[in-house]
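Visitor: Could you take me on a close look at the aromatic pairs here? I would like to see where they sit and what lies around them.

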Amino acid sequence: MGEEGPGGTVHLLCLAASSGVPLFCRSSRGGAPTRQQLPFSVIGALNGVHMFGQNLEVQLSSARTEDTTIVWKSFHDSITLIVLSSEEGISELRLERLLQMIFGAMVLLVGLEELTNIRNVERLKKELREALAGFAEATGTAFVSLMVSGRVVAATEGWWRLGMPEAVLLPWLVGSLPPQAARDYPVYLPHGSPTVPHRLLTLTLLPGLELCLLCGPRPSLSQLDAQLLERWWQPLLDPLRACLPLGSRALPDGFPLHTDILGLLLLHLELKRCLFTVEPLGDKEPSPEQRRRLLRNFYTLVTTTHFPPEPGPMEKAEDMVNRAQLPKACYLVLGPGMGWQLVALQLGLRLLLLLVLPQSPTHGLRSLATHTLHALTPLL
């Protein structure tokens, strides 16, 4: 990008080819870095039109507008690079060679295997779903999940459909129990079966990673023999072991999270699932426990005052009108001596809460939340 002529602007976008999640974005003007960034909606549109063509077996390699030349290039089905240049007279071939050099630089610094692992993440998610479904069928139960430190990271459809409050209480219970290789624990389901006990079976696949089954009298713990576990889970242990260091950060390595964000909570209101972390910028105040408490209190505030539950099928017409007048975003600045900011944004079925550093401009909180929500959408 150092050859860019005076006044010309170059935007470079790097995305995961399978999911479209942005890995990084860089911009320069006249060869010098600039803070000017493309809106996420533009990034999504540029990637979307490229993926749409691929689905129709059409390879989109370049395009021109009145003042911009755009070139797309994918590498090893794992990385998509997009470059936009406003330099007058620049050729597509020159920009394509620039993308080849940029990918070469990425390989030079981190190696090809690390870059192709981005594709492997999507493949792992698919393989986990198949392994859970197959294991559930083999053991005769519809309720199977994988938990990491008391968090459900993958589950069968039956597990996801568990009612409240057992959907929350079961992971809490597993996370609170002392480590054991296997457990057979009687539980009552407050919503689904408050008088007849079920059995919660847990098996430790790796330290911190537990396979959980909710079942009736069968299978017995002894029936979950080594052969059954080896068939369904042995092929996945190595990639799962590589994912465990993510721990409570809950976001993929290299995820482009803004450096002002101290913690986040993303909820999908229809799926009743969430993504939660207080690990970004872990070396700064407040502590992770304080961040967790601040986000929890803010969630209680916004869900009781600004963002009521989703409308039911029998909601009255006047209630629907009132709902249309509800706010879509709100923010809170904590008192003197703290200054931390909290912002909530609801778009469709997703509700995002952010805890943000004091120096982040208040007038930019909604934009920050919007961009973050769009970036997180492929994950939940």
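**The aromatic pairs**

Guide: Searching the whole structure turns up two aromatic pairs; rings of Phe, Tyr and Trp (its six-membered ring) pair if their centres lie within 6.5 Å, with planes under 30 degrees apart called stacked, over 60 edge-to-face and the rest tilted. Please keep in mind that this is a predicted model, where local features need pLDDT of at least 70, side-chain atom pairs count only at pLDDT 80 or more, and totals for chains, interfaces and linings use all residues. Residues are numbered from 1 along each chain as its sequence is written, and side-chain values use heavy atoms, leaving out hydrogens and water.

Phe 75 and Phe 103 are stacked, at 4.3 Å centre to centre with 5° between the planes. Phe 75 belongs to strand β5 (residues 69-75) and Phe 103 to helix α2 (residues 92-110), so this pair ties together parts 28 residues apart in sequence. Helices (H or I, at least four residues) and strands (E, at least two) are DSSP runs, numbered from the N terminus. Both Phe 75 and Phe 103 are buried, meaning under 20% relative accessible area, while exposed is over 50% and partly exposed lies in between (1.4 Å probe, protein chains only).

Now to Phe 135 and Trp 233, an edge-to-face pair with 6.1 Å centre to centre and 65° between the planes. Phe 135 sits in helix α3 (residues 112-139) and Trp 233 in helix α6 (residues 226-233), so the pair ties together parts that are 98 residues apart in sequence. Phe 135 is buried, at 0% relative accessible area, and Trp 233 is buried at 1%.
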